[in-house]
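Subject: Structure handover

Hello,

I am passing a structure on to you, together with notes on what was found in it. Please look through the sequence and the structure first, and then read on.

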Amino acid sequence: REAVNRLEAQLQRPLSPRNRSLTASRLGAAYDKLGEYDAAFAAFITAKEALKTGNSIEGGVGFYAVGSVSRIRQHLETLIGEPAVSAAAQVQSPVFIVGFPRSGTTLIDQILSSHPRLLVLEEKESLYDALNDFLLPDTGLDRLATLGTAALEDYRRKYWQRVDKFMPDRNNSHVFVDKLPLNTIFMPIIARLFPGARFIFAVRDPRDVVLSCFMQAFGLNEAMRHFLSLADTARYYAAVMDIGINSMRRLQRSVHLLRYETLVDDLENEARRLCGFLGLEWESGMLRFQDTARKRRINTPSYHQVVQPVYQSARARWRNYERHLSPVLEQLLPYVEYFDYGS
């Protein structure tokens, strides 16, 4: 309550748009802790409104823009073919943690980082060269679909060069994991470059995901600009998940679907299943992921959560805001049902 009083007073002062957004976001979190959900949601709206001036997703360009997402969806079938087993085996391929922001990918990262045979790169644009050359030009994806072996190998080399720049001490004998949730958008491109790539696909109740993205005070960038309104957040979720679901259908044996709620309920068994998927022996240290998290610099808003023991409070949080979410619930229903979260 003291935090609410202080933050309400702070909002009466002249603040930059970013500081107004941060203050209102903290205010929303405080009201949420008090169970005053209408006041909390109003504060989250204030936080987003403060950032809207001069920031719109309309006409946006870049890897994460709506136009880029639509272009990949149109080319999905031509980019993801059935890779020859021999070709896949000959290519050094990463493991990718994908999904959507606020779906538990940082928790998965910390669990995997607690295994001595795993290296996880956290949220770097390691695919930059391929995305810049194939996603942004109008005919780039058509060119990628017909690219020969030598040209593909060149882009794989550029990928590993970027990885080594981010992780200069990387041990080649370890399993390398590239974690960036919105790489879901680029699964068809990844599958074309790395026919042997494996994907850990993190899912969480879509209603909780959309609510959490809207509540979170992300720094603005090309991707996070889609979270300035509840409607835009839901639309972006739907667009990204359409690519993810259709990619999973074509890459079935290469994808491990991991539900956040199941991971929280049964950490050890789910961590064991992850090891099996990655072809690694089980390590009990994976259960002590908080110790790993405290030793690492985590560049996501989830830091304060993953240094704590697994907790249940994030489950079905959307029910507290059901009235406010009502305009987007119908749009989210297909994904709620597809991922088996009821109706």
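Predicted model: local features only at pLDDT ≥ 70, side-chain atom pairs only at ≥ 80, totals over all residues.

Residues are numbered from 1 along each chain as its sequence is written, and side-chain values use heavy atoms, with hydrogens and water left out.

Overall make-up

The protein has 17 helices and 5 strands. Helices (H or I, at least four residues) and strands (E, at least two) are DSSP runs, numbered from the N terminus. Of its 343 residues, 53% count as buried; buried means under 20% relative accessible area, exposed means over 50%, and partly exposed is in between, with a 1.4 Å probe and protein chains only. Contact means heavy atoms within 4.5 Å. Among contacts between residues at least 6 apart in sequence, 78% join residues at least 24 apart.

The sheet

In what order do the strands of the open sheet stand? The order is 2-3-1-4-5, and the pairing is parallel. Two strands pair if DSSP finds at least two bridges between them. Strand 2 (118-122) and strand 5 are at the edges with a single partner strand each, so one side of each has no neighbour in the sheet. From one strand to the next the twist averages 20 degrees. Axes here are lines fitted to C-alpha atoms, for helices over the stretch in contact, and angles run from 0 to 180 degrees between N-to-C directions.

L118 has V175 as its bridge partner in strand 3, and L121 has D178. Although strand 2 is an edge strand, 5 of its 5 residues are buried, so the rest of the structure largely encloses it. L118, V120 and E122 are buried on one side of strand 2, and L119 and L121 are buried on the other.

Strand 4 (residues 198-203) has 5 of its 6 residues buried. Strand 4 pairs in the parallel sense with strand 1 (residues 95-98) over 4 bridges, and V95 stands opposite R198 of strand 4. Strand 4 is also joined by 5 bridges to strand 5 (residues 255-259), again running parallel; here V203 stands opposite R259.

The helices

Helix 14 (residues 267-278) lies across strand 1, strand 2, strand 4 and strand 5, and runs at about 170 degrees to strand 5. Helix 6 (residues 105-113) packs with helix 14 at an angle of about 70 degrees, the two axes being 11 Å apart. That makes helix 6 roughly perpendicular to helix 14. Angles under 35 degrees count as roughly parallel, over 145 as roughly antiparallel, 65 to 115 as roughly perpendicular and the rest as oblique.

Which residues meet where helix 6 packs with helix 14? I108, I111 and L112 come from helix 6, and L267, A271, L274 and L278 from helix 14. The residues of this contact divide into 7 nonpolar, no polar and no charged. Ala, Val, Leu, Ile, Met, Phe, Trp, Tyr, Cys and Pro count as nonpolar, Asp, Glu, Lys and Arg as charged, and the others, Gly among them, as polar.

Helix 11 (residues 206-215) has 10 of its 10 residues buried, so the rest of the structure largely encloses it. The cover over these buried residues includes helix 2 (17-33), helix 3 (37-52), helix 12 (230-250) and helix 17 (322-338).

Single residues

C213 of helix 11 is among the buried residues, with a relative accessible area of 0%. C275 is buried too, at 2%. The whole structure contains 0 disulfides, a disulfide being a pair of cysteine sulfur atoms within 2.5 Å.

G104 lies in the loop between strand 1 and helix 6 and counts as buried at 16% relative accessibility. G104 and P181 are 77 residues apart in sequence, and their C-alpha atoms are 9.4 Å apart in space.

N246 lies in helix 12 and is buried, with a relative accessible area of 17%. Apart from its neighbours within four places in sequence, N246 is in contact with R73 and L76.

Regards
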